[in-house]
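Open the model in your viewer and keep the selection panel at hand. The tour goes stop by stop: select, look, move on.

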Amino acid sequence: MRLVLGTAALLLAAPAAAQEQPPLRINDVAVIGTHNSYKLAMPAETMAKLRAANPQMADALDYAHRPLAEQLDAGARQLEIDVNFDPQGGHYAKGSSDPKLRQPGFKVLHIPGIDNGSSCVLLVDCLRAIRAWSDAHPRHVPILLMFNAKDEQNAARGGIDALTYDEAAYDALDAEIRSVLGPDKLITPDDVQGKYPTLRDAVLAGNWPLLEASRGKFLFAMDEPPAKVAVYRGARKSLEGRVFFINTDEASPAAAYLTLNEPIKDAERIRRDVAAGFLVRTRADANTREARANDARPRDAALSGGAQFVSTDYLWADPRLPGGYRVRMPGGMVARCNPVRRPAGCGDLEAGK
């Protein structure tokens with residue numbers, strides 16, 4: 001009888017113990033994403049010429065991705081988009097017959113005039129495709145859209161010099177995003193900061209939105225060096241009124257997101273920052289090196305290290321390469337509890353959604 005009563009007591013106590021775990025917030029989640037998610041393969045003739053002139057660069061550019069919706073179907077919950085400022089339209093149209101390059105608005109291109117293949121040339125087309133997928137899957141965990149604001153000068157190597165970004169260009173970028181994604185689809189720095197003095201204060205206090213309230217939404221991060229994100233931030237104390245979180249150091253009043261792309265070298269910093277409350281993106285592979293060598297060490301370090309977003313060029317294996325290198329979440333999950341913040345785990349956060 002005592003054994004029966006003891007078992008019953010344990011069963012009654014279980015729900016109370018479960019309630020002791022605080023509800024998940026969006027920084028308690030870990031997912032996989034893709035790098036230069038829009039990129040198509042370079043034409044064979046172009047790649048052959050590049051390989052003859054610069055084999056290392058050819059290797060680095062010799063990857064491609066399936067359409068954005070197909071990546072999302074396969075479990076990608078972070079996408080990377082390169083945007084080129086083109087307010088009048090036509091700046092990046094030289095040598096191309098694509099009429100979309102003549103339309104005003106931001107263009108999604110890797111290296112204009114050299115590596116032009118894009119599954120959605122217009123930023124608004126990329127965003128509409130992602131929005132349509134989201135509307136069809138409204139219970140997905142929040143998706144990070146990471147942007148590079150491209151300003152490289154490529155004419156000297158046969159490409160097209162990009163237009164540079166000033167504050168007006170960044171204002172236009174925010175506006176173009178908001179033209180497709182309304183407030184109900186966005187998680188902005190203001191949403192996180194709330195009534196805290198700075199965004200960093202809010203992050204360290206654990207003020208990220210709850211996961212359940214954030215399903216079906218997007219957050220944006222600008223992955224650029226200090227000088228460029230300073231222009232985007234302007235005179236703001238944090239990022240008041242802006243769409244993007246910015247890559248910055250942990251001490252900045254605007255600190256909330258960090259790009260730390262070396263999962264082995266930066267392992268200690270990644271774990272420390274994730275534990276403190278920051279969002280971190282790292283990379284499982286870069287420039288096709290790991291896939292060519294079938295080197296899983298950076299991938300495994302990235303997946304175990306706590307970064308909420310682990311980016312890859314190999315959501316699927318490249319059949320041209322031996323070894324079958326690819327990046328998947330353990331157990332085939334789409335989204336899991338963060339291994340640093342919630343090490344006990346909680347299964348697939350999109351299972352049955």
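**Stop 1: the disulfides**

Select C120 and C126. They form a disulfide, with the sulfur atoms 2.0 Å apart. Keep in mind that this is a predicted model. Turn the view to look along the S-S bond of C120 and C126. The torsion there is about 95°, so this disulfide is right-handed. Now colour by accessibility. C120 has 8% relative accessibility and counts as buried. C126 is buried too, with a relative accessible area of 0%.

How many disulfides does a search of the whole structure find? It finds two. For the other bridge, select C337 and C346, whose sulfur atoms are 1.9 Å apart. The torsion about the S-S bond of C337 and C346 is about 105°, so this bridge is right-handed as well. Which side of the burial cut-off does each cysteine fall on? C337 is buried, at a relative accessible area of 5%. C346 has 37% relative accessibility and counts as partly exposed, because buried means under 20% and exposed means over 50%. With the bonded cysteines of the protein chain numbered in sequence order, the pairing reads 1-2, 3-4.

**Stop 2: W133**

Go to helix 5, residues 123–136, and pick W133. Is W133 buried or exposed? With 6% relative accessibility, W133 counts as buried. Show its surroundings next. Setting aside residues up to four places away in sequence, W133 touches A69, L72, D73, R77, H140 and I143.

**Stop 3: Q78**

Select strand 2, residues 78–84, where Q78 lies. Q78 is buried, with a relative accessible area of 0%. Which residues surround Q78, leaving aside neighbours within four places in sequence? Its contacts include I32, G33 and T34. I143, L144 and M146 are also among them.

**Stop 4: the nonpolar core**

The largest nonpolar core has 86 residues. Select the residues with the most contacts inside that core: L123, L145, F147, L173, I177, F220 and F244.

Now centre on F244. What does F244 contact beyond its neighbours within four places in sequence? F147, L173, I177 and F220 are among its partners.

**Stop 5: helix 6 against helix 10**

Select residues 167–180 for helix 6 and residues 226–233 for helix 10. Two packed helices are described by the angle between their axes and the distance between the axes. Here the axes come within 8 Å and cross at roughly 70°. That makes helix 6 roughly perpendicular to helix 10, because angles of 65 to 115 degrees count as roughly perpendicular.

Show side chains at the crossing. From helix 6, take E167, Y170 and D174; they meet K228, V231 and Y232 of helix 10.

**Stop 6: A48**

Move to helix 2, residues 44–53, and pick A48. A48 is partly exposed, with a relative accessible area of 48%. Draw a C-alpha to C-alpha distance from A48 to A230. The two are 182 residues apart in sequence and 39 Å apart in space.

**Stop 7: positive phi**

Finish with two backbone checks. Select T288, in the loop between strand 8 (279–283) and helix 12 (289–293). T288 is not a glycine, yet it has a positive phi of about 65°. T288 is buried, with a relative accessible area of 1%.

Then select N294, in the loop between helix 12 and helix 13 (297–304). What is the phi of N294? The phi of N294 is near 50°, a positive value in a residue other than glycine. At 38% relative accessibility, N294 counts as partly exposed.

Key: Residues are numbered from 1 along each chain as its sequence is written. This is a predicted model: local features need pLDDT of at least 70, side-chain atom pairs count only at pLDDT 80 or more; totals for chains, interfaces and linings use all residues. Side-chain values use heavy atoms; hydrogens and water are left out. Axes are lines fitted to C-alpha atoms, for helices over the stretch in contact, and angles run from 0 to 180 degrees between N-to-C directions. Helices (H or I, at least four residues) and strands (E, at least two) are DSSP runs, numbered from the N terminus. Angles under 35 degrees count as roughly parallel, over 145 as roughly antiparallel, 65 to 115 as roughly perpendicular and the rest as oblique. Contact means heavy atoms within 4.5 Å. Buried means under 20% relative accessible area, exposed over 50%, partly exposed in between (1.4 Å probe, protein chains only). A disulfide is a pair of cysteine sulfur atoms within 2.5 Å. A nonpolar core is a set of buried Ala, Val, Leu, Ile, Met, Phe, Trp, Tyr and Cys residues joined through side-chain atoms within 4.5 Å.
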